Amino acid sequence: AERIANAIMERQRHLGPYTCAGELADVVKAAKGGGFGNGSMLPARLTIQAMRTFVNQRMDQLRLALDAAFKMLAPGGRCSVLTYKGLEVNVVTQF
């Protein structure tokens, strides 16, 4: 999944935003290598898994940022965090 996530991001960096699902599917197929037969995961499932991997790395970065922010606070200090995405809300509220 990480290889697919990296391939998705690399393609976007070099060629710009995706304009159709077929472009994304082609990147997933190329990153996967081989076929999708014999019980292996379908491109759509691999794409979702790859995106989750990418998102999880972002959540790790959020945890690190929260940890650093709270270490910098003076005793009795306050820190405000605004977030609007469900995953991010969970990370912040569980911190």
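1. Contacts of E88. In this predicted model, E88 touches R58, M59, L62 and T83, if its neighbours within four places in sequence are left aside. E88 itself belongs to helix α4, which covers residues 86-94. The side chains of E88 and T83 are joined by a polar contact of 2.9 Å.

2. Burial of E88. The relative accessible area of E88 is 19%. Because buried means under 20%, E88 counts as buried.

3. Burial and contacts of R11. R11 is a residue of helix α1. With a relative accessible area of 16%, R11 is also classed as buried. Apart from neighbours within four places in sequence, the residues in contact with R11 are G16, P17, Y18, E23 and V27. For G16 there is a further detail: a polar atom of the R11 side chain lies 2.7 Å from the backbone oxygen of G16.

4. Length of helix α1. Helix α1 comprises the 14 residues 2-15.

5. The buried residues in α1 are I4, A5, I8 and R11. Around the axis they cover an arc of only 130°, and therefore they sit on the same side of α1. The face turned away from this buried side carries R3, R13 and H14, which are exposed.

6. Length of helix α2. The same check can be applied to helix α2, residues 21-32. Its 12 residues should span 16 Å at 1.5 Å a residue, and the distance between its end C-alpha atoms is 16 Å, which agrees.

7. Buried face of helix α2. L24, V27, V28 and A31 are the buried residues of α2. Viewed down the helix axis, these residues fall within an arc of 100°, so they line one face of α2. One of them, V27, is in contact with R11. After α2 comes G33, with a positive phi near 70°.

8. Confidence. The average pLDDT of the chain is 82, and 89% of the residues score at least 70. Among the elements of the chain, α1 has the highest mean pLDDT, 86, whereas helix α3 (residues 43-72) has the lowest, 81. Where pLDDT is low, the predicted coordinates should not be read in detail.

Notes:
Residues are numbered from 1 along each chain as its sequence is written. This is a predicted model: local features need pLDDT of at least 70, side-chain atom pairs count only at pLDDT 80 or more; totals for chains, interfaces and linings use all residues. Side-chain values use heavy atoms; hydrogens and water are left out. Helices (H or I, at least four residues) and strands (E, at least two) are DSSP runs, numbered from the N terminus. The expected span of a helix is 1.5 Å times one less than its number of residues. Buried means under 20% relative accessible area, exposed over 50%, partly exposed in between (1.4 Å probe, protein chains only). The arc is that of the directions from the helix axis to the C-beta atoms. pLDDT is the predictor's confidence in each residue, from 0 to 100. A polar contact is a pair of N or O atoms within 3.5 Å; within protein, one must be able to donate a hydrogen and the other to accept it, and residues adjacent in sequence count only if both atoms are side-chain atoms. Contact means heavy atoms within 4.5 Å.
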